[in-house]
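Take a first walk through this structure. Keep the sequence and the 3D view side by side.

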Amino acid sequence: MRLSPHTLKLLDALALRSRRSFYGMRQGAHRSQRRGHGVEFAEYRNYELGDNPRAIDWNLFSRSDKLYVKRYLEEENVELYIILDGSRSLTHTSLRLKWDLATRIAACASYIALATQDPVTIAVLGGPNSTSYWGGRAFAPLLQFLNAATEYVVSDAPENIDVVDEARRAATRTRFPGICLVISDFLFPTPSIAATLASFRARNMEIHAIQVLGPLDSTLTNLEGSSACLDSETGEARGIEISGAAEETYSRLLVEHNEALRSHCLSNQISYVSTTLTDDVQLEDVAIDTIKRMGLFV
Amino acid sequence: MITIFGSTIGAIFPLLLTAIPLGVGLLVYIFRRRGLNAPRVVSTFFLLAKLPQRLTARRSFVPPLQFWLELLILSFLALAAAGLFLSSSTSRIVVVIDSSKSMASLSRDGESRLQTAKRLARLDITLDSATSRFTVFAAHNGLVPISTPRVSAPAALESLGSLPQSFHSDNLTSAIAPLIASPEYDAVWIYTDKVVATPSSPSALRVVSIPHNSENLTNVWIRSLEATASPNGSSIGAEVVSSSPAPLRIDVSASCVTSDSSRATPIGPVSVSLAPKQSTLVILAPLPEAWSHCKVSASPHDASQTDALALDNDAWIARPSKDDSVVLASALSGPQLGLNALPGLTLRSRQPTENLSDQRAIYHRVSPASIPHAPSLVVFPPPGALAWSGATVAQPAHSDSPVTRWAESHPLLRYVQPALLVIPEYSLLECPDSATPILFSPRGAIACAGEEQGARYVITGFELFPFDGIRSATLSVLTLNMIRWLFDDVAGGSRQGSLGAATLPATISSASMVAPTTRELTLTGRSVSIDEPGVVAFTSNSGTLNTATLRAFNAFSDSESEISNVSTLELSNVPARNSSSKREDIPLERLLAAAALVLLCLDLIRRLRSRSVWGRI
C-alpha cells in the first residue's frame, strides 16, 4: 500500500487537534496538562526553594513584596492509537475492500500525526501474536507494517476472534492516555461494541469510532442470485431469502443498529463516523473524506 | 423459413440458432452455480440472521430479472449471428373480378358468371393464403377497390362477399392495364367471362375465363328506346334484340307513371316474333296524356323460356320538359333556313340582349359568346376562336366533296353516307377538348360533336341550311340527326343518358332518383354518379322557381347483352416480373444486435442503480 502524492499533499494541509489535553512524552504541538516553559501563561505560584530565580515575577514582588513564580502551559506531543479491527468480516479475501479502506484511514491519520512529531501506535485486533503493535515516528516503516499486517490477516479461511477480549488486551498495553481511533465495521452486538470501546475509555483516551461498511453490508441487492450466504467469521452457510420485503427489513435493521451505535457514542463522548463503500470508489478519496469528517484533523 | 402471422422469417446460418437452447441451458447452469456452489461471503450473520431463512439444498430454480435480461441478450445475439432476416416473399396479388353486366348472365345450373368467378377466386385465394396478401378489385368500366390494399386471405375472402354486380359495360382491358404495369404487385389474377387473346401470358398474370356454354341460352334485350310525340298522341319505340339462334316470340310492355298520379299505367304487352340476331322496333302506344316516365320491359313470350341475362330486359325513358323552343341566332329567319319544315321544332328569334348560354340554340354563322349550358348547334362559325377550350375555325376552303373520313359509329352519322356529302365551302375546325371529330377532310376535321357540362353541342365547319330534304338528302339526314341528337325532345325523342358520372349544368342544385327506387343522389361538384338504370330528377334553381327535369339513364350495350359471343381480353406489354429482384429481404441482424446492446445498457443501468452509493451516515 502506498499513498499517492496527491493524497499526501492533501494530508499536509491537515493537523491533529485533540479535544482534550494529555500528558505527553516530549515537546510537541499540543497543549499539555503539564506546567512548564511554554509561551502561554498559566498561573502564579509561591516561590519555593529550588525554583529558578529567573521565573520570579519581579514586578509583582515590587508591588506585593512577596515572591511569586510564573508558570506556563507546557506543549507536548500526543500519542495516537489506531485500533484496526482485524476480524474476518474485514479481512476476508472477498471483503477486503473494507480492510483496505481501514488501513488507508490509518495511514492517513498516521501521516498527519507524524508530521507534528506525535507518536503513532497501531494495534491490529486479531493480528500476529494476537495483537500487533507498532510504535514509531517515521512514515515509511509504518506503511511497511501495514502491508505486512495485511499479508498476515487477509485470508479466506473463517476465523472468529473475540474482539472485546482483543480490545481489552490492546488497551492494557497502552502507556499513556492519548487519542484512540477504533476502525471497525461494528457489525456485532451493541453491548460488545460498548465493551470494546470501554476498554480504551478506561485508559482515559479520546476515542473516535470509525465504521467501515462494505457493499454487501449496506444492501441485499448484491446478494441477488445467490442461494446461500457464508459467514466470513464462522464459516456457517445459510440460505437467505432475498426479496423486496427482506431488503426493507435488512435496511431497517442496519439503520437501527447504526443508530444504537451512534447513541452509545454520543452518550460516552465518542465521536462516530460511518462510511459505506461501493466497488468503484477511490479508497484514498474515501479515506481523506472520512478523516475530514471525524473533526480530529483540521 | 417459417411463416408467422403472414410474415416469413428465415436465417442465413440456421445452425447458429441452436445457440439459443444451448445458451438457455448454460445460463441456467451458471445461475445455479452462482447460487449453490459458490455462496456469497458476507461479513456476519449478525443482521442477516434476522431475515427469513430458506433451505440451501434442493431449491427450485427461480430465475431473477438479471437471468431473463441475460437470456434475452444471448438470444438476440444468437439470432443476429444466425443472420435472421424477414423475407418479403409474401406475394402481393391483385384479384380482379369482372363485374360488368354480362357477368350477371346465368348458366344452366342457375349460377351467374359473377358467382362462378367469386367461387373460383375464393378457391385460389384459399390455396395461396399462407404466402400471399391480396388486393381485391371489381372491374367494369373502371376499377373499384373492394378491399384495402394487401389484406390477408380471410379479409380478401370476406371482401369478395361484398363485391356487387354492376350494370356498366365492360372496359376490362384498359382498366387492368395500370395494375399489370404496376411494380407494386407480384401477380394479377383476373376472373372474367372473356378469353385471353394471347394464350401465353406470363406467370405473373393469371386470367381465369369463366366457362360458359351459352349456345342454348336465350337473352332478350332492349337496344334503345325513343318516345315519339304526334298530334294523335305519344308512343314509345323500343328496339329489341334476341340472341336466340332460332326465331323467338317475345312480349314487350311498358309501365308509365303520370305526373298527376303515382300509380303506374300499363301499356301492352305487345307480342312480336324476333328473327335471330335481328333487331325489331316495337311501338308501345298510346301513352297517357301526362306521362312523366316509363319503364319498358321485354321478355320471352314462353314462360318456360328462361332469359339468361335479366339486367338488360328493362329500360327507362323520361318525358322531355315542356319548354321545347329553340332560339335561332342568325342573320336569317327560320323559314329562310328551311327550319320550318322540321315537324315539332319550335323556333324563336333571339332577342337583342338575350343571353343564350342557358337556351337551346342554333348558332348560324355566328359563334356563341360563352360556352352554352344547353344543347347547341353551331353552323359554319366565322373564322377565329370558339368559346370552347382548344376550339378554333380556320379560313374557309372550297371543295365539292371534301369528306374523306368519318366516325362511322357516331349516332349523328346514322343512315348517312358522308362520302356523298356535297359541300362547296367548308372551314377546318380544331375540335374542342370535350368533342370528337365526326367528319374529316384531307386537311382536318370539319365537324365535331361533344358534351360540355351536361349539354351536347355540335359544330359544323360547313353550311347545313337551308334544309331541303329533296335537293340534298344526305345533308338533310345529317341535319335531322343533329337536331334529333341535340334537341331530342323537339324531334319526339326523350332525354336519355348512360350510366356513369354525368356532368351537370351549373344551375342544377340537386338530383334524386325517382325510379326504380326513390333516393337522393349526392352531387360531387358539378357531376353526379349514376350506377343503376332508372330515372333521375334534376332540380334547377334558375331564377326564383325550382324546376325539375327528368332524365332516364340506361345501360344499353350489345356487347354485354350478346352473351353467346365470347369476347377477348387483349393483354399487351405485360412486363415480366423478376421474382428474385423484386423482393428484398429485410435483414434483422443489426436490429437484433442493437436490441441486445440496448438490453445490455439497461442491465448495466439497473445494476448501477441498485448498487449502494457511498455515503455518509
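The paragraphs below start with chain A and then move to chain B.

This is a predicted model: local features need pLDDT of at least 70, side-chain atom pairs count only at pLDDT 80 or more, and totals for chains, interfaces and linings use all residues. Residues are numbered from 1 along each chain as its sequence is written, while chains are lettered from A and ligands numbered from 1 in the order in which they are written.

Chain A has ten helices and eleven strands. Both kinds of element are DSSP runs, numbered from the N terminus: helices are H or I with at least four residues, strands are E with at least two. Of the 298 residues of chain A, 42% are buried. Buried means that 20 or more other C-beta atoms, placed from the backbone, lie within 10 Å of the residue's own; 12 or fewer means exposed, and in between is partly exposed. Among contacts in chain A with a separation of 6 or more, 76% join residues 24 or more positions apart. A contact needs C-beta atoms, placed from the backbone, within 7 Å.

Now find α4(A), residues 96-115, and α5(A), residues 139-153. Their axes come within 10 Å and cross at roughly 165°. Axes are lines fitted to C-alpha atoms, for helices over the stretch in contact, and angles run from 0 to 180 degrees between N-to-C directions. The two helices are therefore roughly antiparallel, a label for angles over 145 degrees. W99(A) and Y111(A) are among the contact residues of α4(A), and F139(A) and L146(A) are among those of α5(A). The contact residues divide into nine nonpolar, three polar and no charged. Here Ala, Val, Leu, Ile, Met, Phe, Trp, Tyr, Cys and Pro count as nonpolar, Asp, Glu, Lys and Arg as charged, and the others, Gly among them, as polar.

Chain B has a helix pair to look at too. The axes of α4(B), residues 113-127, and α5(B), residues 153-161, come within 10 Å and cross at roughly 175°. They are therefore roughly antiparallel. K118(B) and R122(B) of α4(B) take part in the contact, as do A156(B) and L160(B) of α5(B). Six of the contact residues are nonpolar, one is polar and two are charged.

Finish with strands in chain B. β23(B), residues 384-385, runs antiparallel to β24(B), residues 392-398, and two bridges join them. Strands pair if DSSP finds at least two bridges between them. Six residues lie between the strands of this hairpin, and G390(B) takes a positive phi near 80°. β24(B) also pairs with β26(B), residues 425-430, in the antiparallel sense over five bridges. V393(B) stands opposite G384(B), and its bridge partner in β26(B) is L429(B).

Key
Parallel < 35°, antiparallel > 145°, perpendicular 65-115°, else oblique. Contact = placed C-beta atoms within 7 Å.
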